[in-house]
Structures are given as structure tokens and as C-alpha cells.
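Trainee: I would like to learn how to read a protein model step by step. Could you take me through one, giving the general idea before each case?

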Amino acid sequence: MLRDRTDSRAALWRTAADQRGYFTAAQARDAGYSYQAQRYHAQHGNWLVVDRALYRFREFSDLPSEGDEQLVRWCLWSKGRAVVSHATALAVHDLGTANPSRIHLTVPPGFRQKSDAVIMHRATLADSDVEDRMGYRVTTPLRALVECAADGDDQDVLDGAVAEALEQGLVTRRKLLHAAQLLGPRAELGVERALGALS
């Protein structure tokens, strides 16, 4: 029996290690932990309870923070359906001075979960608009810029982010204008203003 528990912990640890120590109740179940065993580990402090059906190995909370652990948490909360986006994605890419007070997530149109801790945007994203990070997904710099422009976010923040993205070679003017056209007039206007501010 001890062998089985050791195997279960090793399996769950491997899953959680790629998610900054976080894991869902379903992932724990897949690793061999019954719901009764999960309650036991949570009640005895072996696992930190982060949210409903969302845990974290205590050992990971003692490690130095990289600053984006909370993004892993929200990705797991959404069952992997949410993508970090908009101003939060700009912050992930270290573009401009974006520092949103709440996390922006893009979720599929039929997504039903809700939380006051996040701002949800509904859209179907193309694979080319998304990058994988350790434990979460984020919109590309190009997509993040045009999302912020379409939302009418702070123009000064957008100006700075566009300037840095161009300077770093992450986007081109042409691709930026084309992506903005696809999102509509508001995105186009924001991007054109940002490009105009460079002159």
C-alpha cells in the first residue's frame, strides 16, 4: 500500500511541477488520490487549498516567486480554457508600463465560470495568437497590443508598449496594422495613434 501512495505522490508531483506546484482535484484523482484522501491532505496542511478543487504543494510556496504563479492558478481554475490576455499579457511580455489591478483572461464564448478577481473577455483565439508558458498560456505580443487597442485601454500605456515591441523586433508596423484591422475600427485607431506617437 505504501508503494501505491508513493507512486501517486510521484505522479501528482510530476504534473504539479510543470504548473508551479498547483494541481486540480481532477489531476489528483487521476494520480490516484480519492476525494477522501484529498480532503485528508488539505485538512492536515499537506496541500494548500487555493480555491475550490484547486491545491498547491506546500513546498512550492516556499520557493522564490517568479511573479506569474497566479496566472497558473487562473489557468487551472478555468480548466485550461483561459488564456492570459490584454494588459496582463503586456505585463507578461514586459511591454510598456501595463500593471492591471485585475488579471485579464480571454475565454471561449460558452465559458460559464465567474470570479470578481479577473476580467474576462470572450473570443475564440487562433493558435497563432497564443504562446505556451510554464503552466499557462498567454496571447502573443502582437495579439496583446491589438486587444488593448480594441479595448480602448490607456493610450499612453499602449504607445509605450507598441514602441518597445517594435524596438525589440517582436512586431512590425505592417503586422500590427493588419491585426488591428481584423479587430475593428477601435483597435485600428489605437494602433494608428501609437504609431503616430513614434514620429
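Predicted model: local features only at pLDDT ≥ 70, side-chain atom pairs only at ≥ 80, totals over all residues.

Trainee: In what order do the three strands of the open sheet lie?

Mentor: The order is β1-β3-β2, with antiparallel pairing. The edge strands are β1 and β2 (47–51), each of which pairs on one side only. Neighbouring strands of this sheet are turned against each other by 35 degrees on average, when direction is ignored.

Trainee: Which helices should I look for against these strands?

Mentor: Helix α3 (residues 35–43) lies across β2 and β3, and it runs at about 100 degrees to β2. Helix α5 also packs on the sheet, where it touches β1, β2 and β3, and its direction makes about 10 degrees with that of β1.

Trainee: How many residues of α5 are buried?

Mentor: A residue is called buried when its relative accessible area is under 20%. Helix α5 (residues 69–77) is mostly covered, with eight of its nine residues buried. Just after α5, K79 takes a positive phi of about 60 degrees.

Trainee: How should I read the packing of one helix against another, for instance α7 and α8?

Mentor: Look at the angle, then at the distance, and then at the residues that touch. Helix α7 (residues 141–151) packs against helix α8 (residues 155–167) at an angle of about 160 degrees, and their axes are 10 Å apart. Since an angle over 145 degrees counts as roughly antiparallel, α7 is roughly antiparallel to α8. The contact is made by L145, C148 and A149 from α7, together with L158, A161, V162 and A165 from α8. These residues divide into seven nonpolar, no polar and no charged. As for the handedness, α7 passes α8 in a left-handed crossing.

Trainee: Why might contact residues be spaced along a helix in steps of three or four places?

Mentor: An α-helix has 3.6 residues a turn, so residues three or four places apart point the same way. You can look for that spacing in the residues that α7 and α8 bring to their contact, such as L145, C148 and A149 of α7.

Trainee: Are H86 and D94 buried or exposed?

Mentor: H86 is buried, with a relative accessible area of 5%, while D94 is exposed, at 58%.

Trainee: What about a loop residue such as Q19, and what is it in contact with?

Mentor: Q19 is found in the loop between α1 (2–17) and β1 (22–24), and it counts as buried because its relative accessibility is 13%. Leaving aside neighbours within four places in sequence, Q19 is in contact with Q27, V72, L76 and G135. By contrast, the C-alpha atoms of Q19 and H44, which are 25 residues apart along the chain, are separated by 22 Å.

Methods: Residues numbered from 1 in each chain as written. Heavy atoms only, no water. Buried < 20%, exposed > 50% of the residue type's maximum accessible area, 1.4 Å probe, protein only. Helix = DSSP H or I, 4+ residues; strand = E, 2+ residues; numbered from the N terminus. Contact = heavy atoms within 4.5 Å. Axes fitted to C-alpha atoms, helices over the stretch in contact; angles between N-to-C directions. Parallel < 35°, antiparallel > 145°, perpendicular 65-115°, else oblique. Left-handed = near helix turned anticlockwise from the far one by under 90°. Nonpolar A, V, L, I, M, F, W, Y, C, P; charged D, E, K, R; others polar. Pairing = 2+ DSSP bridges.
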